[in-house]
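Me: I would like to learn how to read a helical model, one feature at a time. Could you take me through it, giving the general idea before the case at hand?

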Amino acid sequence: MALSAKTLVKLGVDASTARAHAPFLVAAMRECDITTKARAEMFLAQLFHESIMLSTMPGLHDTKEAVSGAAYEGRRDLGNVQRGDGVRFKGRGPIQVTGRANYKWMSDKLGADFIAQPKLLATARYGYRAAAAFWTRANLNAKADKGDFEGVTRSINGAATWNAPSHQARRVA
């Protein structure tokens, strides 16, 4: 079954979100060679979990966000070295790009200034490309090809336990 808005709805995504986001999602997946069944299934499972079935990105330019980002304040491992970086560079987009360093990397990779305009990562236009770029950067196509679902989850979330914080069972479902 080809990925389309209709397919996204069958998978549980709200119909209006599916229609608005499908073109951006499909383009990002093609751009980063997420084109096999195994790759697409793992990619979508991770995005659906991280974005609560794409609900944290309900419109093309809406920037509804699930958490404040205060927990990331001062996290040097994320590049959050300036006061306010935790909230400013909180997890955004369908894969929850987090931290000044990751926003900078995405800015360089995608040609948009996410440091000056961090909310752009929560739009369909850039959010899906960022998710796919992260996927490629972390070599997750190779893990998907091997069926390494836990390895994919660890690369995205870091924990990959069967309970919080990675919610592995929900991702598998």
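Me: Among contacts in the protein chain between residues at least 6 apart in sequence, what percentage join residues at least 24 apart?

Reply: The share is 49%, where contact means heavy atoms within 4.5 Å. Please keep in mind that this is a predicted model, in which local features need pLDDT of at least 70 and side-chain atom pairs count only at pLDDT 80 or more, while totals for chains, interfaces and linings use all residues. Residues are numbered from 1 along each chain as its sequence is written, and side-chain values use heavy atoms, with hydrogens and water left out.

Me: Which residues of helix α5 are buried, and why do they lie on the same side?

Reply: An α-helix has 3.6 residues a turn, so residues three or four places apart point the same way. In α5, which spans residues 100-110, the buried ones are Arg100, Tyr103, Met106, Ser107 and Leu110. They share one side of α5 because they cover an arc of only 125 degrees around the axis, the arc being that of the directions from the helix axis to the C-beta atoms. Asp108 and Lys109, on the other side of α5, are exposed, and the cover over the buried residues includes α4 (85-88) and α6 (124-137).

Me: At what angle do α5 and α6 pack?

Reply: Two packed helices are described by the angle between their axes and the distance between the axes. Here α5 and α6 pack at about 100 degrees, with their axes 10 Å apart, and they are therefore roughly perpendicular to each other, a term that covers angles of 65 to 115 degrees. Among the residues that meet there are Met106 and Leu110 from α5 and Ala130 and Phe134 from α6.

Note on methods. Buried < 20%, exposed > 50% of the residue type's maximum accessible area, 1.4 Å probe, protein only. Helix = DSSP H or I, 4+ residues; strand = E, 2+ residues; numbered from the N terminus. Axes fitted to C-alpha atoms, helices over the stretch in contact; angles between N-to-C directions. Parallel < 35°, antiparallel > 145°, perpendicular 65-115°, else oblique.
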